[in-house]
Structure formats: structure tokens, C-alpha cells
Amino acid sequence: MNDQDVVARFGGKEKVEEAIKTKAIDDFWCWEIGKWVTQPYWKEKMKDSYTGVTLRELVIAAKV
């Protein structure tokens, strides 16, 4: 999946800009549950069973 696809799947550049205001740069967006989770929680409980993307990756992909 290329950068444009990731941003589009997330909801677009505007949604990335909104997330920047309230989320930590290392928080993860989980594709399966459609929610943000913190990095420690992601690493401890979710990384082996779910897929996701960090806000940092979204910001880079959206070129915000």
C-alpha cells in the first residue's frame, strides 16, 4: 500500500490534521477496530494480532 492509499484509507489529509491536535505522534491507528491506541498498549497487547499505522507515518504520508 503506497502513501496515498494509506492516507485515503484513514480518511484523508484533513483527518490526519485533526488527529495531530489530540494524539501523540507515536499513537497507533488500528485498522481492524477503527480506534487510536497508545504505543505502549499497542506493543503489549495488539501488535501480534492487529495491523495499524502510527500518527508519525500518517503525517509523513500526508505531507502535513
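# Helices and cores in a predicted model

Student: How do α2 and α4 cross?
Tutor: The axes of α2 and α4 come within 10 Å of each other and cross at roughly 135°. That makes α2 oblique to α4. Angles under 35 degrees count as roughly parallel, over 145 as roughly antiparallel, 65 to 115 as roughly perpendicular and the rest as oblique. Axes are lines fitted to C-alpha atoms, for helices over the stretch in contact, and angles run from 0 to 180 degrees between N-to-C directions. Helices (H or I, at least four residues) and strands (E, at least two) are DSSP runs, numbered from the N terminus.

Student: What should I know about the model and the numbering?
Tutor: This is a predicted model, where local features need pLDDT of at least 70 and side-chain atom pairs count only at pLDDT 80 or more, while totals for chains, interfaces and linings use all residues. Residues are numbered from 1 along each chain as its sequence is written, and side-chain values use heavy atoms, with hydrogens and water left out.

Student: Back to α2 and α4. Which residues meet?
Tutor: From α2, K13, V16, A19 and I20 meet L55, L58, V59 and A62 of α4. Contact means heavy atoms within 4.5 Å. The residues of this contact divide into 7 nonpolar, no polar and 1 charged. Ala, Val, Leu, Ile, Met, Phe, Trp, Tyr, Cys and Pro count as nonpolar, Asp, Glu, Lys and Arg as charged, and the others, Gly among them, as polar.

Student: And V59, where is that?
Tutor: V59 is in helix α4.

Student: Is V59 buried or exposed?
Tutor: V59 counts as buried, because its relative accessibility is 16%. Buried means under 20% relative accessible area, exposed over 50%, and partly exposed in between (1.4 Å probe, protein chains only).

Student: What does V59 touch?
Tutor: Leaving aside neighbours within four places in sequence, V59 is in contact with V16, I20, I25 and V64. V59 and D3 are 56 residues apart along the chain, and their C-alpha atoms are separated by 10.0 Å.

Student: D3 is in which helix, then?
Tutor: D3 is in α1, where D3, V6, V7 and F10 meet L58, A61 and A62 in α4. That contact has 6 nonpolar residues, no polar and 1 charged. Helix α1 (residues 3-10) packs on helix α4 (residues 55-62) at an angle of about 115°, with the axes 9 Å apart.

Student: What else does L58 touch?
Tutor: Not counting residues up to four places away in sequence, L58 touches V6, V7, F10, V16, W36 and V53.

Student: Which residues have the most contacts inside the largest nonpolar core?
Tutor: The core has 14 residues, and those with the most contacts inside it are F10, V16, W29, W31, W36, V53 and L58. A nonpolar core is a set of buried Ala, Val, Leu, Ile, Met, Phe, Trp, Tyr and Cys residues joined through side-chain atoms within 4.5 Å. α1, α2 (13-22) and α4 each give two or more residues to this core, and α4 gives the most, with 5 residues. Apart from this core lies another, of 5 residues, among them F28, V37, W42 and M46.

Student: Where is V37?
Tutor: V37 is in strand β2 (residues 35-37). V37 counts as buried because its relative accessibility is 10%. Beyond neighbours within four places in sequence, V37 is in contact with D27, F28, W42 and M46.

Student: And T54?
Tutor: T54 is in strand β3 (residues 52-54). At 11% relative accessibility, T54 counts as buried.
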